Amino acid sequence: MPEFLRQFKGCFLFPRRFLGCCGALRQSRCMLGTFFALLFVVFVAEVAGGIVAYINKDQLTRQFIEDGFAEIVKKEYGKPGFEARTQYFDVVQSELECCGAKNSWDWFQSSWRGGNGDIGANGQDTYLVPLSCCQARYREDIRCVATNETIGIPQNLSTSNSNMDIINDKGCGVKLMETINKHRETVIGVGVGILVVQVLGLIFAIILCCTIKPERYGYKS
């Protein structure tokens, strides 16, 4: 998820939870009404987002999943301050048995360990891909075992010496979408469950708001 979306989500969730908790404790119709409105906006946005995502699932794969992975591969992997994302992407590559965003050639354009997109033109024809790109059956192979000297798998622009035989060929964007499609019923079930919980939250909020008497605030309806 892009950084600005995480920040927006954090800024939006805190006041919503604050209004819900304080409104219930203080029996404030104003707070509970605002909480209901914010929760309703989130509910509508999630439903609309789910519909748009389903209709444009192929474009979603390219623009969000693959582009997000490509950002990690090209600019963030192995860099100071991005240790968590590096570990996360290693897990993704290992568990999904994939390599790079679209394919293993993405590491050709990565700034990690030699790749910069210009190798070959500047006389350098070798770069590395992470050990997490290794196929499951080769993970005990000496070329895929981490040592002080082995931190990645050498790739060469010359196909005769590229170690392509031990590397997963599919990109992680495609593999992630395949996994989601394979477990589509589970994903839909989880999504529906979340929506049901939010609907119950809307119902409880409006019921609680309606049961609070206006006289508590010094006026009559």
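Mentor: What follows goes through the disulfides one by one and then turns to the strands and helices.

Please keep in mind from the start that this is a predicted model. When the whole structure is searched, 3 disulfides are found.

Let us begin with the link between Cys98 and Cys172, whose sulfur atoms lie 2.1 Å apart. The angle about its S-S bond is 90 degrees, and the link of Cys98 and Cys172 is right-handed. Cys98 sits in the loop between helix 4 (83–96) and strand 1 (126–130), while Cys172 belongs to helix 5 (residues 172–182), so this pair ties together parts that are 74 residues apart in sequence. Both Cys98 and Cys172 are buried.

The next link joins Cys99 to Cys133, and here too the sulfur atoms are 2.1 Å apart. With 85 degrees about the S-S bond, the link of Cys99 and Cys133 is right-handed. Cys99 is in the loop between helix 4 and strand 1, and Cys133 is in the loop between strand 1 and strand 2 (152–156), so the pair ties together parts that are 34 residues apart in sequence. Cys99 counts as buried because its relative accessibility is 0%, and Cys133 counts as buried because its relative accessibility is 0%.

The remaining link is the one between Cys134 and Cys144, with an S to S distance of 1.9 Å. Its torsion about the S-S bond is about -90 degrees, so the disulfide of Cys134 and Cys144 is left-handed. Cys134 and Cys144 are each in the loop between strand 1 and strand 2, 10 residues apart. Cys134 is buried, with a relative accessible area of 0%, and Cys144, at 8% relative accessibility, counts as buried because the cut-off is under 20%. If you count the bonded cysteines along the chain, the disulfides follow the pattern 1-6, 2-3, 4-5.

Strand 1 is mostly covered, with 4 of its 5 residues buried, and strand 1 runs antiparallel to strand 2, to which 5 bridges join it. Within this pairing, Tyr127 stands opposite Gln155 in strand 2.

Helix 5, which holds Cys172, also meets a neighbour: the axes of helix 5 and helix 6 (residues 184–211) come within 4 Å and cross at roughly 75 degrees. That angle makes helix 5 roughly perpendicular to helix 6. The contact is made by Ile180, Asn181 and Lys182 on the side of helix 5, and by Arg184, Glu185 and Val187 on the side of helix 6.

At 1.5 Å a residue, the 27 residues of helix 2 should span 39 Å, and its end C-alpha atoms are 39 Å apart, which agrees. The buried residues of helix 2 are Leu32, Phe35, Leu39, Val42 and Phe43.

Terms used. Residues are numbered from 1 along each chain as its sequence is written. This is a predicted model: local features need pLDDT of at least 70, side-chain atom pairs count only at pLDDT 80 or more; totals for chains, interfaces and linings use all residues. Side-chain values use heavy atoms; hydrogens and water are left out. Helices (H or I, at least four residues) and strands (E, at least two) are DSSP runs, numbered from the N terminus. The expected span of a helix is 1.5 Å times one less than its number of residues. Buried means under 20% relative accessible area, exposed over 50%, partly exposed in between (1.4 Å probe, protein chains only). A disulfide is a pair of cysteine sulfur atoms within 2.5 Å. Two strands pair if DSSP finds at least two bridges between them. Axes are lines fitted to C-alpha atoms, for helices over the stretch in contact, and angles run from 0 to 180 degrees between N-to-C directions. Angles under 35 degrees count as roughly parallel, over 145 as roughly antiparallel, 65 to 115 as roughly perpendicular and the rest as oblique. Contact means heavy atoms within 4.5 Å.
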